[in-house]
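Hi everyone, thanks for coming. Please have a look at the picture while I walk you through it.

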Amino acid sequence: MQVTFLGTGTSAGVPVLTCRCEVCNSLDFRDKRLRVSVWIEVNGKSFVIDTGPDFRQQALRERIAQLDAIIYTHEHKDHTAGLDDVRPYNYLNGIRHLNLYGHPRVLNQLKKEFAYAFEDIKYPGVPLLNLQEIAFDGAKPIYIEGVEFTPIQVLHHRLPVLGFRVGGFTYITDVNFISEKEMEKIYGTEVLVLGALQHEPHISHFNLSQAVEVAQKINAPLTYFTHISHKMGLHTEVDKTLPDNIRLAYDGLKIRLPNP
Ligand SMILES: [Zn+2]
Ligand SMILES: [Zn+2]
Ligand SMILES: [Zn+2]
């Protein structure tokens, strides 16, 4: 199983348009953060979690040649806006609809935002999409193309958002609260990816010190922080202040894990 960080930035991305701070002006490639997403290759299948506005650019960079399903954490625009660009994957081997997995609330929002893809009579060439509900009932894993995904429900301010565990890999982006019941699903993970926005407190995201505290409680052999704002500071400066088993993720980083 291989996981690639397609993007590790917060909703505006880094650099931020119009900003002249040292992070936005940095020449280090690790300070260039597209909107957050990961690509998971497992058992010959290919999945992305979320399709933000940078999806096309990310798929080109990583040469994503196959896409079997898209799994959504939540409906915020920085996680959904690139959905129209999945069209070429509809025509790889004949014509094939792409399965989108998400909470019913998230799928309803996709239907509104991409209404043209769900009309009874579609304009030729629109994305071909099947909506697959993740009816979150607390504990049960779901199977996507034969791969087990365990949904983990967390809070993003008051919005319930899903994270996912696949074998030894757990991915939770937009979060500022994880209940003890959901923590049980995360314990024992080999690699944890967790959202950490910036140093200052925020209404809907863990800040750096809160994320470190949660990561240390889970105590995975390796934790990567993602969904990072320019306010976090320079990658190299911040990364060296973190405990040994916690790192800042960066765009293009790849992790290999055993198949689940
Ligand atoms: Zn987000
Ligand atoms: Zn900046
Ligand atoms: Zn969000």
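Let me start with a question: is Asp174 buried or exposed? Asp174 counts as buried, because its relative accessibility is 1%. For that word the cut-offs are these: buried means under 20% relative accessible area, exposed means over 50%, and partly exposed is in between, with a 1.4 Å probe and protein chains only.

Before going on, some housekeeping. This is a predicted model, where local features need pLDDT of at least 70 and side-chain atom pairs count only at pLDDT 80 or more, while totals for chains, interfaces and linings use all residues. Residues are numbered from 1 along each chain as its sequence is written, chains are lettered from A and ligands numbered from 1 in the order in which they are written, and side-chain values use heavy atoms, with hydrogens and water left out.

Now the whole chain. The protein chain has seven helices and 14 strands. Helices (H or I, at least four residues) and strands (E, at least two) are DSSP runs, numbered from the N terminus. The radius of gyration of the protein chain is 18 Å, which agrees with the value near 18 Å for a compact globule of 260 residues. That radius is taken over C-alpha atoms, and the globule rule is 2.2 Å times the number of residues to the power 0.38. The C-alpha trace spans about 55 × 45 × 35 Å along its principal axes. Of the 260 residues in the protein chain, 55% are buried. If we take contacts (heavy atoms within 4.5 Å) between residues at least 6 apart in sequence, 64% of them join residues at least 24 apart.

One is an open sheet of seven strands in the order 6-5-4-3-2-1-14, with mixed pairing. Two strands pair if DSSP finds at least two bridges between them. At the edges stand strand 6 (129-133) and strand 14 (254-256), each with a single partner strand, so one side of each has no neighbour in the sheet. From one strand to the next, the twist averages 20°. Axes here are lines fitted to C-alpha atoms, for helices over the stretch in contact, and angles run from 0 to 180 degrees between N-to-C directions. Inside this sheet, strand 2 (residues 37-42) and strand 3 (residues 45-49) run antiparallel and are joined by five bridges. Glu41 stands opposite Ser46 in strand 3.

There is also an open sheet with the order 7-8-9-10-11-12-13, seven strands with mixed pairing. Its edge strands, strand 7 (142-144) and strand 13 (246-248), each pair on one side only. Here the twist averages 25° from one strand to the next. Strand 9 (residues 159-166) runs antiparallel to strand 10, with three bridges joining them, and Phe164 stands opposite Tyr171 in strand 10. Helix 6 (residues 208-218) lies across strand 11 (191-195), strand 12 and strand 13, at about 155° to strand 11.

Now to the metals. Which residues are the protein donors of the zinc ion (ligand 1)? They are Asp78 (OD), His79 (NE2), Asp174 (OD) and His227 (NE2), lying 2.1 to 2.3 Å from the zinc ion (ligand 1). Donors are N, O and S atoms within 2.8 Å of the metal (3.2 Å for Na, K and Ca), and sites may look incomplete because water is not among the atoms. The arrangement around the zinc ion (ligand 1) is irregular, because its four donor atoms subtend angles of 91 to 165°. For reference, four donors count as tetrahedral if all angles lie between 85 and 135 degrees; four count as square planar and six as octahedral if opposite donors are over 155 degrees apart and all others between 65 and 115; anything else is irregular.

Asp174 coordinates both the zinc ion (ligand 3) and the zinc ion (ligand 1), which are 3.4 Å apart. His76 lies in the loop between strand 4 (69-71) and helix 2 (77-80), and Asp174 in the loop between strand 10 and helix 5, so the pair ties together parts 98 residues apart in sequence. His76 is partly exposed, with a relative accessible area of 34%.
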